[in-house]
Amino acid sequence: MYHISDVKKYTRCARLYINEKHAPKREYQPFIRLDEEVTSLVAQKLHIEDHYFLGHKGDDPSAAKQAMKSAEWLMKARFEYRQLRVKVPFLHQTDKGWDLYFLFIGLYPHADDMQFYCDEVWVLENNHIKIDQIYIIHLNAEYIREEELDPSALFVISDCFYNGKNHPSVKVKDAIYKSKRDLTHVLNEMDQLQEDSVPAANRTNHCTTRQKCRYYDSCFPNEAKEPDDSILTLVASQNKHEMKKEGIALLKDADSERIEGSRQQYAQILADQEGGLHVDRYALKSWLSWIKYPISFLDFEWERFAIPPYKGMRPYDVMPFEYSLHIMQADGTMTHKVYLNIHDDRRDMAKNLVTDIPAQGTVIAYNAVGAEMMRIAEFAQLFPEYAAKLNDINARMEDLQLIFETGTVYDIRMRGQWSLKVIMAMMNDKSYKDLDINQGMEAVFQWRHLDYSDDTADHNKIVEDLKKYCGMDSYAMTVVFQWLKKINEEKMQ
Ligand code: SF4
């Protein structure tokens, strides 16, 4: 039996599909938290109270077919054709046939990834189900939660997809019927795949588009052995593999006609030509001249909820729960403060933040524009009593990541990446450790664990690790900042 996810994987890459089949089952930890039983909330929105059939995992598809004879509504009904099994969110019987409702746990469904919808319709049609209208149910971006969730306002029923500006565009039904394809050929190919033979690795755009494939390193093991200044470390390059095949092995020899010409690419090539480190002296000097003591190095951790769990929150709102602050004085002395709450206490967090951050000096965060500044602006909106001080913090904020993202500084040991972790790996700093919680998302998962239940045996250890983890990132910024000052002084000599 196949699922649509199998077809998706197979059409992306046959090797990926087989690898996934053989991979041990992983515990699924969603990036976005979704605690509620969405089907029952949507059922309230659709006023489904009786005359319905509710499907379950492992149902024989004949159960749904049988239910169609008497039920007005089908929820999570399983259908199958050519061994492809689908779970249909909602079907509603009308005079003209069946209305189909897809469920999109996001704010604006776009018509760019149609495969799921098209394949479901293909299976339904091959089960001789007459589809009349097709709708898509999604979360309402304008909804603000009161004390209780209100499903009628939480969801929107739309017969259109949305465009890039999130305005209604093409009709869902028209878009699906335009993109629908016959899956017979794909399913035949999948049938013929030998379970025990893994197809050869063939590099395509699918290996790195959107997200690097999790099998990339095992498919192309030689890339990890490439030197730091390998042409293959060139970022966002369409032609690097072609250049490599032609014998252009190093960044410094890149063909200027075949690079895209971004600032990062130039910084990479110059770094290799300049012995491993490129520094745009004037840009770095100018940036450092804006930094005023005391410097506050700030790092936030937060959770994102699809469905708002607390009053005043909207779908997909973010809830910060921790910050770490290293304050560096002009004489080099440092103080460290950590704030952590379990559950929602954002008002208290905002209050502590405006007290902990000195009233003068620069505030530095890594990816400040995409993270800390947004969170602080949200706090300012939510808690007007602290808005003036919060807005002042944002006005004094500098983004440390921009130094690397803009190619102001590039060291070939970065191998085309600019995460704080990668940069810290070059610093050889003995105080910076890999902790039990060694990745940002892992910290969120651990906090989630406490948010569900305070009463866990490892409560104190998790709190301690969370504080240490968050502390490591703000500490790392102090080390990187000192390094930037040092290379600035060296380059000026
Ligand atoms: S890295 Fe590329 S070739 Fe390897 S499994 Fe992923 S998509 Fe397929």
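A cavity is a set of grid points where a 1.4 Å probe fits but cannot get out, and its lining residues have an atom within 4 Å of a point. In this predicted model, 14 residues line the largest cavity.

- The structure has one cavity of 30 Å³ or more.
- The volume of the largest cavity is about 120 Å³.
- Nearest the centre of the largest cavity lie Cys-13, Asn-202, Cys-207, Cys-213 and Cys-219.
- Two helices, α2 (14-22) and α9 (216-219), each give at least two residues to the lining of the largest cavity.
- Nine nonpolar, three polar and two charged residues make up the lining of the largest cavity.

**Open space**

- The second largest pocket holds about 930 Å³ of space.
- Its lining counts 28 residues. Thr-208, Tyr-216, Glu-223, Leu-232 and Lys-240 are the ones nearest the centre of the second largest pocket.
- Helix α9 contributes here too: α9 and α10 (240-245) each supply at least two residues of the lining of the second largest pocket.
- The lining of the second largest pocket divides into eight nonpolar, 12 polar and eight charged residues.

**Helix pair α5 and α7**

- Two packed helices are described by the angle between their axes and the distance between the axes.
- Helix α5 (residues 115-126) packs on helix α7 (residues 172-179) at about 80°, and the axes are 9 Å apart.
- Angles of 65 to 115 degrees count as roughly perpendicular, and α5 and α7 are therefore roughly perpendicular to each other.
- From α5, the contact takes Tyr-117, Cys-118, Val-121 and Glu-125. From α7 come Ile-176, Tyr-177 and Ser-179.
- By class, the contact of α5 with α7 has five nonpolar residues, one polar and one charged.

**Helix pair α13 and α14**

- The axes of helix α13 (residues 346-356) and helix α14 (residues 372-382) cross at roughly 110° and come within 11 Å.
- That angle makes α13 roughly perpendicular to α14.
- The crossing of α13 past α14 is left-handed.
- On the α13 side, the contact is made by Arg-346, Met-349, Ala-350 and Leu-353. On the α14 side, Ile-376, Phe-379 and Leu-382 take part.
- Six nonpolar residues and one charged residue form the contact of α13 with α14, with no polar residues.

Methods
Residues are numbered from 1 along each chain as its sequence is written. This is a predicted model: local features need pLDDT of at least 70, side-chain atom pairs count only at pLDDT 80 or more; totals for chains, interfaces and linings use all residues. Side-chain values use heavy atoms; hydrogens and water are left out. On a 1 Å grid over the protein atoms alone, a cavity is a set of points where a 1.4 Å probe fits but cannot get out, and a pocket is an open set with protein on both sides within 12 Å along at least five of seven lines; lining residues have an atom within 4 Å of a point. Grid points are joined across faces, edges and corners, and a volume is the space filled by probe spheres set on the points. Helices (H or I, at least four residues) and strands (E, at least two) are DSSP runs, numbered from the N terminus. Ala, Val, Leu, Ile, Met, Phe, Trp, Tyr, Cys and Pro count as nonpolar, Asp, Glu, Lys and Arg as charged, and the others, Gly among them, as polar. Axes are lines fitted to C-alpha atoms, for helices over the stretch in contact, and angles run from 0 to 180 degrees between N-to-C directions. Angles under 35 degrees count as roughly parallel, over 145 as roughly antiparallel, 65 to 115 as roughly perpendicular and the rest as oblique. A crossing is left-handed if the near helix is turned anticlockwise from the far one by less than a right angle, and right-handed if clockwise. Contact means heavy atoms within 4.5 Å.
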